[in-house]
Amino acid sequence: MESVNKLADTFPGIGEAIREQTIDSLFQGVVDMCEGALMVDHDSRITWIDEKYKTLLGVDDQVIGRVVEEVIPKSLMRRVVETAKPILLDLMEFGERSFVVLRLPLKRPDGSVKGAVGFVLFDRFQYLQPIMSKFAMLRDELATAQQLLAGQRRAKYTFSQFLGTSEAVREVKRTARRAAQFDTTVLLLGETGTGKELLAHAIHNASSRADKPFVAVNLAAIPETLMESEFFGVAPGAFTGADRRGRDGKFALAEGGTLFLDEIGDMPMAVQAKLLRALQEREIEPLGSNKVIKVDVRVVAATSRDMGALLKERAFRPDLYYRLNVLPITLPPLRARIEDIQDICESLLERIAQKTFAPQRELAPSAIQAFQAYHWPGNVRELCNVLERMTALSDSPVLTADDIAMVLPGAEPPAGPVAEVSRPGDGGGSLHEVVADAERAAIAEALRRAKGVKAEAARLLGISRANLYDKLTGYGMLSR
Ligand SMILES: Nc1ncnc2c1ncn2[C@@H]1O[C@H](COP(=O)(O)OP(=O)(O)OP(=O)(O)O)[C@@H](O)[C@H]1O
Ligand SMILES: [Mg+2]
């Protein structure tokens, strides 16, 4: 068949007659398989139509020579002729019916288009309906799951949600903001409920990795036996059964983004060595694999444990501790910043009112005093809970110390000094020392990244070269 001679050219070495026979039978085979076939010339006029298509459309030979759209109004054969591009699978409507069609251009040996051929693959689209609706359902389910997953791997909080205006909180936020700008490892220290997780989210959101994943792993919640696979993943075929297809670990899931290692103090020694390697080499080895994979993640770690004590008890590797302790940020307990309590309460009461669609409650001065005198072992988390319970139990628009007594029987004046800033890790230190430690660490890291080039380190730190020199002299770091 002349119209498909171009195809025949692709079979050199076969004799002309065999080639034509092959092409003819191939074409006939396709036509037989289809529910109809038709050809048009370069003006999109019908040059040939098979019997099945004629029956399907209810037409006769009169259609030969007519423009294709006069016979099949929704035909796209003209587009195939004009663009010289096939339309491989498409749905075409004809009256009330839908056909699954395939359209190919027909070309001359010089590549110019001389027409097109169209095949109707199915004439009863409704036969495909169960498959199509199943496909649509699966596609919707996949989109929902992907959205959910992406949502879970996104950091929820920003610095503005970290409440408090005390100098201690402002300093924490200042250091954390600076940390966000660098790729340094950050270690968040502080009692339970002081906002370590909130701050980790905020650091990620303020970093250049904000649009990449934020993956949180709570080490206290993972059984020791599963920890390695959770972190580094499992290679395909490593185990029989459920994991046959392999699974990404948290490092791989956080690629390009931030990995939040919560409760790092609870990490078993055996896994610590592997984590150290991953942090040092920036590469991981999935379980059952002999290939290492490069990873690009920033690590933010947190713990409410006393790291100094863990090191002494040899429950934590010092080398890993130093790796993580590049930029430590200590979150002060609530009792050490009682001046924040009123502000935090106001914001939280506003949030509660919005959530419950109820008018916003106020705190009587007696309530604020009682709150300031309490020692808040659960810190801001406990304060949130207490306020929620009080608003649920009392209808009064102004909450008093009596309302507090109902939900917080232990609210007695605290024992011991209230203004002490606890500092897990190195057993105490003034704010000035904390800041100095953080600065030293940030400078050391910038120098490392800048390979010792001070102008570049200054640029990374966002300070002038002179300022960097002053600081290096001040910290006795110039000889390095
Ligand atoms: N400064 C703050 N401003 C607003 N909310 C806060 C603040 N600190 C803590 N919270 C709230 O308190 C709760 C506990 O915070 P978060 O989970 O960040 O604490 P954490 O330090 O990680 O505690 P843990 O050590 O128990 O895990 C959260 O609901 C958080 O939103
Ligand atoms: Mg936490």
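**Close-up 1. Helix α9 passes helix α11 in a right-handed crossing (right-handed means that the near helix is turned clockwise from the far one by less than a right angle).** Welcome to this predicted model, in which local features need pLDDT of at least 70 and side-chain atom pairs count only at pLDDT 80 or more, while totals for chains, interfaces and linings use all residues. Residues are numbered from 1 along each chain as its sequence is written, chains are lettered from A and ligands numbered from 1 in the order in which they are written, and side-chain values use heavy atoms, with hydrogens and water left out. Here α9 covers residues 224-232 and α11 residues 269-281; helices are DSSP runs of H or I with at least four residues, strands are runs of E with at least two, and both are numbered from the N terminus. Their axes lie 10 Å apart at an angle of about 15° (axes are lines fitted to C-alpha atoms over the stretch in contact, and angles run from 0 to 180 degrees between N-to-C directions). The two helices are therefore roughly parallel, a term for angles under 35 degrees.

**Close-up 2. Side chains from α9 and α11 meet.** From α9 come Met227, Glu228, Phe231 and Phe232, and they meet Val271, Lys274, Leu275 and Ala278 of α11 (contact means heavy atoms within 4.5 Å). The residues of this contact divide into six nonpolar, no polar and two charged.

**Close-up 3. Arg103 and Asp90 form a salt bridge.** Side chains of opposite charge can pair when their charged atoms come close. In this pair the N to O distance is 3.0 Å; a salt bridge needs a side-chain nitrogen of Lys or Arg within 4 Å of a carboxyl oxygen of Asp or Glu. By this rule the count comes to 22 salt bridges. Arg103 sits in strand β4 (residues 97-107) and Asp90 in strand β3 (residues 87-94), so the pair links distant parts of the chain, 13 residues apart. Arg103 is buried at 2% relative accessibility, whereas Asp90 is partly exposed at 22% (buried means under 20% relative accessible area, exposed over 50%, partly exposed in between, with a 1.4 Å probe and protein chains only).

**Close-up 4. Glu230 in α9 reaches Lys250 in α10.** Their side chains form a salt bridge of 3.9 Å, N to O. Helix α10 spans residues 250-253, and the partners are 20 residues apart. Glu230 is partly exposed, at 23%.

Key:
Angles under 35 degrees count as roughly parallel, over 145 as roughly antiparallel, 65 to 115 as roughly perpendicular and the rest as oblique. Ala, Val, Leu, Ile, Met, Phe, Trp, Tyr, Cys and Pro count as nonpolar, Asp, Glu, Lys and Arg as charged, and the others, Gly among them, as polar.
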